[in-house]
Amino acid sequence: MRVPTLIAVALGACGLTAAAMAAAGPAPGLSGLATVTVQPGVIRIGHAQSGPPTTADCEKAYKVACYEPGQIQQAYHLPAVYASGVTGKGATIVIVDSYGSPTIKNDLSVFDRTFGLPAPPSFRIIQPAGRVPAYNPANSDMVGWAGETTLDVEYAHTVAPGANLLLVETPVSETEGVHGFPQIVKAEEYVLNHHLGDVISQSFSATEQTFPSKSAVQALRGAYQLAAKDKVTVLTASGDSGAADVGPDQSTYYLAPVTSWPDSDPLVTGVGGTQLHFNSAGKPTAPTAWNDTYSKTANEFADGGAGPNPLAGGGGKSVFFTRPWYQNGVQNVVGDRRGVPDVSMSASCNGSVDTYGTFGGAPAGWIPSCGTSEATPLFAGIVALADQVAGHSLGLINPALYQMSAQHAPGITDVTSGNNAVSFTQGGREHTVRGFTARPGYDLATGVGTVNAQYFVRELAFLAGH
């Protein structure tokens with residue numbers, strides 16, 4: 001999902017890597033900061049430092065929060081899950097990224113040592129769609145995808161530290177429309193045909209309207225059809241442009257609500273964004289729909305200007321797919337179309353997560369990151385935990401999600417505040433795309449809501465497992 005003029009990890013990725021542009025320079029305690037520009041688009045990545053910034057560091061330096069893995073685990077009540085022996089053991093999370101990162105194994109090792117996380121039982125990297133070109137730090141596309149890979153791997157592992165990791169690298173970057181998708185499909189079909197994983201995490205998507213036709217999308221659905229048949233769960237980020245999204249020129253937004261694919265695919269679980277909140281004692285409180293569009297401090301942190309710029313979780317109604325049967329109970333919200341997202345996790349830039357990377361072309365060290373590219377691997381970790389409980393992969397989990405929501409299961413944390421409306425300047429004037437508001441039950445801003453893993457993991461394992 002494209003985020004022009006902002007700070008997406010990569011064109012074609014939904015992750016956002018924070019690029020604060022504080023004119024006054026780094027705050028005390030935040031030394032060694034640097035900023036570089038990556039392409040495509042006017043996208044910035046930067047402010048790396050030698051140690052992971054604490055929440056207090058980020059709030060002092062940038063007026064936004066950032067979190068360490070322990071805080072993310074606490075927000076989703078994961079310590080209770082780990083205490084019961086559930087860490088994702090035996091499950092394999094498949095992470096799909098163009099190009100990958102040449103330093104990811106070492107970077108994950110440093111990340112784990114810093115935060116006291118165990119190394120994954122297995123961490124493999126494969127290139128089944130063709131040999132990936134040698135990493136070029138002068139290639140901004142590769143640099144961006146290396147940042148995306150870093151976020152994906154480190155935060156899937158944060159949630160499911162006992163799960164195996166399989167990084168699937170493809171040799172062509174996904175951009176708007178079909179470019180790059182055939183290689184992704186080929187790679188994922190290889191994974192599925194060889195039974196290499198239980199849950200697939202995809203932090204990329206493209207605006208539906210950028211595809212030449214519905215038939216062009218249908219021709220790319222082979223991996224998802226195979227995953228459904230083989231009971232492998234597929235997740236996709238819903239994007240970071242709120243109700244708007246980016247056109248084929250990769251620099252302008254649509255002026256009416258649109259959504260993206262593959263998250264709109266009925267065989268895929270679309271993962272949207274929330275903002276976490278903690279009280280003065282550091283305990284999690286009610287999350288809200290992620291929308292930093294109108295936050296001056298979040299825009300200055302992410303874009304270097306006051307905004308507004310689209311910084312919100314994607315969501316809306318598909319133009320390609322009609323309402324799937326599992327959404328019949330929310331017909332009053334989606335009408336006769338497929339609605340996304342299905343579920344949401346932490347994505348707010350005012351609540352970024354610490355990532356560690358040393359790949360060339362970007363400042364080495366710790367960089368706060370955000371977006372639905374964070375939310376998706378987080379939820380992949382949740383699914384891996386449920387896979388361990390069930391003793392097998394769960395396949396398409398959407399029917400279980402909507403059943404849990406309808407039954408008000410304790411594992412579903414309803415999100416009832418916020419929206420994904422966005423504003424931006426385009427063609428010399430400011431535009432607003434009015435999005436969707438979080439409400440009790442299902443909505444097009446956060447889906448069924450977010451999760452309390454202490455209950456959700458076992459509920460999902462039971463419902464989807466049967």
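I count a disulfide where two cysteine sulfur atoms lie within 2.5 Å. The model I am reading is predicted.

**Entry 1: disulfide count and pairing**

I applied that cut-off and got two disulfides. I then numbered the bonded cysteines of the protein in sequence order. The pairing reads 1-2, 3-4.

**Entry 2: Cys-58 and Cys-66**

I looked up the bond between Cys-58 and Cys-66. The S to S distance is 2.0 Å. Next I checked the handedness. The torsion about the S-S bond of Cys-58 and Cys-66 is about 90 degrees, so this disulfide is right-handed. Are the two ends buried or exposed? Cys-58 has a relative accessible area of 0%, so I note Cys-58 as buried. Cys-66 is also at 0% and buried.

**Entry 3: Cys-349 and Cys-370**

I found Cys-349 joined to Cys-370, with S to S at 2.3 Å. The S-S torsion of Cys-349 and Cys-370 is about 70 degrees, so I log this disulfide as right-handed. The pair links distant parts of the chain, 21 residues apart. I placed Cys-349 in the loop between β16 (343–346) and β17 (352–357). Cys-370 sits in strand β18, residues 365–371.

**Entry 4**

I turned to strands β12 (residues 269–278) and β13 (residues 284–289). They pair in the antiparallel sense, over four bridges. Which residue in β13 is the bridge partner of His-277? I read off Thr-285. β12 and β13 form a hairpin, with five residues between them. In the turn I checked Gly-282, and its phi is positive, at about 85 degrees.

How values were computed. Residues numbered from 1 in each chain as written. Predicted model: local features only at pLDDT ≥ 70, side-chain atom pairs only at ≥ 80, totals over all residues. Heavy atoms only, no water. Pairing = 2+ DSSP bridges. Helix = DSSP H or I, 4+ residues; strand = E, 2+ residues; numbered from the N terminus. Buried < 20%, exposed > 50% of the residue type's maximum accessible area, 1.4 Å probe, protein only.
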